[in-house]
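Subject: Handing over a structure, with notes

Dear colleague,

I am passing on to you the structure that follows, together with some notes on what turned up when I went through it. Please have it open beside this message as you read.

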Amino acid sequence: MTSASPVPPVPPPGCPAHESLHGPEFAADPAAVYRRLREVGPIAPVELAPGVRASLVVGYDAALHVLRSTETFSKDPRRWKDLADGTVPTDSPVVPMMMYRPNALWTDGAEHRRLRGAITDSLARVDPATLRGHVEASADTLIDRIAPAGQADLLGEYAQVLPLLVFNRLFGCPADYGERLVRGMSGIFDGVDAEQANELLATTLLDLVTLKRRRPGPDVTSWLMAHSAGLTDEEMVHTLVLLMGAGTEPQQNLIANSLRLLLSDDRFAGSLSGGSLPVEDALDEVLWTDPPMANYAVHYPVHDVVHEGVLLRAGHPLVVSLAAANTDPSLTTDQRAGNRAHLAWSAGPHNCPAQSPARLIAAVAVEKLLDRLPDVELAVPVEELAWRPGPFHRALAALPVMFPPTAVTPPTADDEPPVESAASAPRPSEVPEAGRVRRGWAARLLAWWRGE
């Protein structure tokens with residue numbers, strides 16, 4: 001006989017109920033949930049997945065306090081009491097996104113500084129002009145495949161694929177590893193067989209680390225290995241998990257959410273039709289109102305602490321709602337264009353170390369798409385677009401568009417990529433034919449990797 005997993009107690013009378021951050025209702029209208037939570041206070045109880053309780057920080061000032069108070073709030077998930085005592089089972093769909101990994105995201109103090117230093121120094125070696133060239137080449141290849149069809153899902157056929165192409169180029173990842181990486185990362189974010197997906201991702205990245213130990217190259221993976229921080233193979237694997245997670249799912253959401261805004265908001269429509277592309281303004285708007293990672297930056301109080309009348313228990317997950325904090329009514333300014341005070345990149349010592357590359361990738365991807373397909377428009381009313389369920393991301397399920405079909409001139413021999421980048425460049429046979437991409441974002445990406 002097997003015993004059932006412990007069930008968290010129901011809140012006692014007089015305590016606020018735990019708002020659900022999972023399921024289609026939250027995905028469809030998270031702002032309504034944030035409004036209800038603000039009625040409780042700047043920090044309120046939520047459920048991240050069935051049986052997984054946490055507190056959500058919805059106030060801007062409270063978020064800054066948590067993100068900056070390293071002496072009170074730790075990033076180390078080994079403090080998570082409900083996971084340690086079995087209240088939260090290890091196969092819960094949110095565990096791979098919250099579990100301890102020996103990388104910069106889940107460490108504190110000197111260990112965090114050592115691991116983060118390896119990341120920032122290695123990313124600093126990426127030349128912005130080279131990165132722009134990678135993004136433009138990848139974007140052109142993908143647009144070439146959808147342009148003749150006159151219609152596309154810009155999420156599955158563009159925004160989701162492009163960051164993976166860029167990741168492979170920057171990290172020297174062989175193309176035949178792509179399918180496993182896609183399956184692993186998509187399973188973790190969508191919570192589908194998340195435990196198995198996490199194992200697949202880890203083993204694939206260990207293979208990459210082993211390969212690069214034997215044959216280093218001019219890529220981020222090799223630079224991380226050579227860094228004076230002396231990363232072990234385990235630290236290398238989990239640093240790559242962090243970088244791939246941050247560089248794919250949030251990146252695709254930033255691209256897709258920005259395109260959605262530009263194609264649906266009257267504030268941008270006039271500029272688009274006039275030939276001026278207010279892409280930077282759209283990025284700022286999305287980072288304020290629909291940040292790609294809506295709720296994350298998980299912390300754990302190192303001891304019981306009261307903040308603004310709310311008791312925060314030691315070892316109880318404290319999730320920062322970057323989206324709710326950004327839209328806190330107490331913020332007095334509505335001016336978002338050029339305003340970088342948002343928390344989309346987090347804040348404090350754990351803020352995103354790749355803000356500039358991430359913004360560059362998104363801006364170039366959006367600019368290239370609108371430049372190549374200037375008459376693109378949504379194929380359905382914006383209110384009919386669906387969002388993927390999940391407590392952490394703000395992610396569209398699809399972004400269907402239509403545009404006048406455009407013939408594409410086949411590349412000549414003079415257009416071939418230089419020898420050093422040819423191995424990582426997407427080839428026509430590796431990109432799915434328009435109209436043949438299967439439903440489901442993992443399936444669409446797998447079809448791309450398999451050349452279907």
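A residue is called buried here when its relative accessible area is under 20%, exposed when that value is over 50%, and partly exposed in between. With a relative accessible area of 12%, H307 therefore counts as buried. Please keep in mind throughout that this is a predicted model. H307 belongs to strand β7, which covers residues 305-307, and, leaving aside residues up to four places away in sequence, H307 touches I43, A62, H65 and L312.

The nonpolar cores

The largest nonpolar core has 114 residues, and those with the most contacts inside it are L48, Y158, L162 and L369. Helix α13, residues 233-264, gives the most to this core, contributing 14 residues. There is also a second, separate core of 19 residues, which includes V57, L67, V310 and A347.

L162, named above for its contacts in the largest core, touches V135, S138, A139, L142, I361 and A365 when residues up to four places away in sequence are not counted. α9 is followed by G172, which has a positive phi, near 60 degrees.

Helices α7 and α17

The axes of α7 and α17 come within 9 Å of each other and cross at roughly 40 degrees, and the crossing is right-handed. On the α7 side, the residues that meet α17 include P128, L131, V135, A139 and I143, while on the α17 side they include P357, L360, I361, A365 and L369.

L131 sits in helix α7, residues 128-146, and is buried, its relative accessible area being 3%. Although L131 and L360 are 229 residues apart in sequence, their C-alpha atoms are 8.4 Å apart in space.

Three strands form an open sheet in the order β5-β11-β10, with antiparallel pairing. The edge strands are β5 (151-153) and β10 (377-378), each of which pairs on one side only. Between β10 and strand β11 (residues 400-402) the antiparallel pairing runs over two bridges, and the bridge partner of E377 in β11 is M402.

Elsewhere, V46 is found in strand β2, residues 43-49, and counts as buried at 0% relative accessibility. V46 and H18 are 28 residues apart in sequence, yet 4.3 Å apart in space from C-alpha to C-alpha. With residues up to four places away in sequence left out, V46 touches H18, E19, L21, L37, V52, R53, A54, S55 and L56.

Backbone angles to look at

Most residues other than glycine have a negative phi. Against that background, two residues deserve a look. A297, which is not a glycine, has a positive phi near 45 degrees; A297 lies in strand β6, residues 295-301, and is buried, with a relative accessible area of 9%. S346, also not a glycine, has a positive phi of about 70 degrees. S346 is found in the loop between α16 (322-326) and α17 (355-372), and at a relative accessible area of 16% S346 is buried.

Cysteines

How many disulfides does the structure hold? The structure holds zero disulfides. As for individual cysteines, C173 is buried, with a relative accessible area of 6%, whereas C352 counts as partly exposed at 22% relative accessibility.

With best wishes

Technical notes
Residues are numbered from 1 along each chain as its sequence is written. This is a predicted model: local features need pLDDT of at least 70, side-chain atom pairs count only at pLDDT 80 or more; totals for chains, interfaces and linings use all residues. Side-chain values use heavy atoms; hydrogens and water are left out. A nonpolar core is a set of buried Ala, Val, Leu, Ile, Met, Phe, Trp, Tyr and Cys residues joined through side-chain atoms within 4.5 Å. Buried means under 20% relative accessible area, exposed over 50%, partly exposed in between (1.4 Å probe, protein chains only). Helices (H or I, at least four residues) and strands (E, at least two) are DSSP runs, numbered from the N terminus. Contact means heavy atoms within 4.5 Å. A disulfide is a pair of cysteine sulfur atoms within 2.5 Å. Two strands pair if DSSP finds at least two bridges between them. Axes are lines fitted to C-alpha atoms, for helices over the stretch in contact, and angles run from 0 to 180 degrees between N-to-C directions. A crossing is left-handed if the near helix is turned anticlockwise from the far one by less than a right angle, and right-handed if clockwise.
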